[in-house]
Amino acid sequence: MSNPRLLVVRNDAEDDARRLGDWLVEAGAELHVVKADAGDALPDDLTGFDGLVVMGGAQPAHGEPASPWFPALKNLLREAVHKRVATLGVCLGGQLLADALGGRVEPAANGPEIGAFLIAKRDVAETDPLFAMLPFTPDVYQWHVDEITVLPPGAVLLASSPRVPHQAFRLGPKAWGLQFHIECDAAMLAEWAVSDDGSLERAGLDAETVLARCAAVEADVEEVWRPFAGRFVAVAAGRGAGPGVPLPVVEA
C-alpha cells in the first residue's frame, strides 16, 4: 500500500504544522502543504488525497469569512466528512470543521485560554480509533479566544475541560476537530507571545510564565500526541477503520 497523501492547509504563517507535520511524515504520510495565507490556491476537491489536515490561525471561524479562502476550505471540510476522508482540524481548523458542518463558534465565554492545560477524555473516547489510547487527562497547549459553543449535528464529544466544554469531537467515522494545539514547539509559542494582541493581558497572564509552563510539558505533549498522529496516518491509509456512525446531513 502506498503512503497516504495528506492535504495540509496553513491558515496563518505563525501556525504551520511544525512538530505535527514531522510526526505525520515519520508515520509514513506524504504532505502536500497549501499556504493559503500566502496566496496558494486550494484544490477544487480532495481527489488524489487520503486525508485533510487544517491548521490554526488568529482569524475567527464565525461570522463573515475572515479570510477569502474560508468558503472554499469549508467546502473541502464538508466533502471530507461526507466522503469519509480522514480529517484533522487543529484549533481554528477544528472550529472551521464545526462551523462548516452546522455547529457554532463564538467568543469564549470565559475569555482567552492560553498556556499548558489538561483536558479530560469522555467515556465514549474509549472506542475512538485516535483517542482510545490517550491517557485520561493528556497535556495540551491552548491559545485561543473563541470556542465551539454548539457541536455539529451527529458529532461525538471526545474530550472536555471545565473552562471549555468542547475540546475535541468526531464527525462521522474519520473527521476529528481539536480546540487545542499539539503542533507547537517552543519557538512557535514564543512567536505567539511576541505577536499577542492583548489576549495574555485579558487573561491575567504574563508571557514568561506561560512559556515556562508550556516548556515543562513539551516532552509529555510529544509522548502522547506523536503516536496520535501515527494513528491518524493509519486511518488515512485504511489501516484503522473508524466507528460505523451515521453522517450528519448539512447543506453546503
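Rings of Phe, Tyr and Trp (for Trp, the six-membered ring) are taken to pair if their centres lie within 6.5 Å; planes under 30 degrees apart count as stacked, over 60 as edge-to-face and the rest as tilted. The model is predicted: local features need pLDDT of at least 70 and side-chain atom pairs count only at pLDDT 80 or more, while totals for chains, interfaces and linings use all residues. Residues are numbered from 1 along each chain as its sequence is written, and side-chain values use heavy atoms, with hydrogens and water left out.

By the ring criterion, Phe131, Phe180, Trp225 and Phe228 form one aromatic cluster. The structure holds 7 aromatic pairs. In one of them, the ring centres of Trp69 and Phe70 are 5.8 Å apart and the planes stand at 90°, so this pair is edge-to-face. The pair of Phe180 and Trp225 is tilted, with 5.3 Å from centre to centre and 50° between the planes. Phe180 lies in the loop between S12 and helix H4 (186-194), and Trp225 in helix H7 (residues 218-236); the pair links distant parts of the chain, 45 residues apart. Helices (H or I, at least four residues) and strands (E, at least two) are DSSP runs, numbered from the N terminus.

Residues are classed by relative accessible area as buried (under 20%), exposed (over 50%) or partly exposed (in between), with a 1.4 Å probe and protein chains only. Phe180 and Trp225 are both buried. Trp69 also counts as buried, at 15% relative accessibility, and Phe70 is buried at 2%.

An open sheet of 8 strands has mixed pairing and the order S2-S1-S3-S4-S12-S11-S10-S7. Two strands pair if DSSP finds at least two bridges between them. Strands S2 (30-35) and S7 (120-121) are the edge strands, each pairing on one side only. S7 runs antiparallel to strand S10 (residues 156-160), to which 2 bridges join it. Lys121 stands opposite Ala159 in S10.

Helix H1 (residues 18-26) lies across S1 (5-10), S2, S3 (51-54) and S4 (86-90), at about 150° to S2. Helix H3 (residues 92-100) lies across S3, S4, S11 (168-171) and S12 (175-178), at about 120° to S4. Axes are lines fitted to C-alpha atoms, for helices over the stretch in contact, and angles run from 0 to 180 degrees between N-to-C directions. Contact means heavy atoms within 4.5 Å.

Gln95 is located in helix H3 and is buried, with a relative accessible area of 3%. Apart from neighbours within four places in sequence, Gln95 is in contact with Ala61, Val105, Asp146, Glu147, Ile148 and Gln179.
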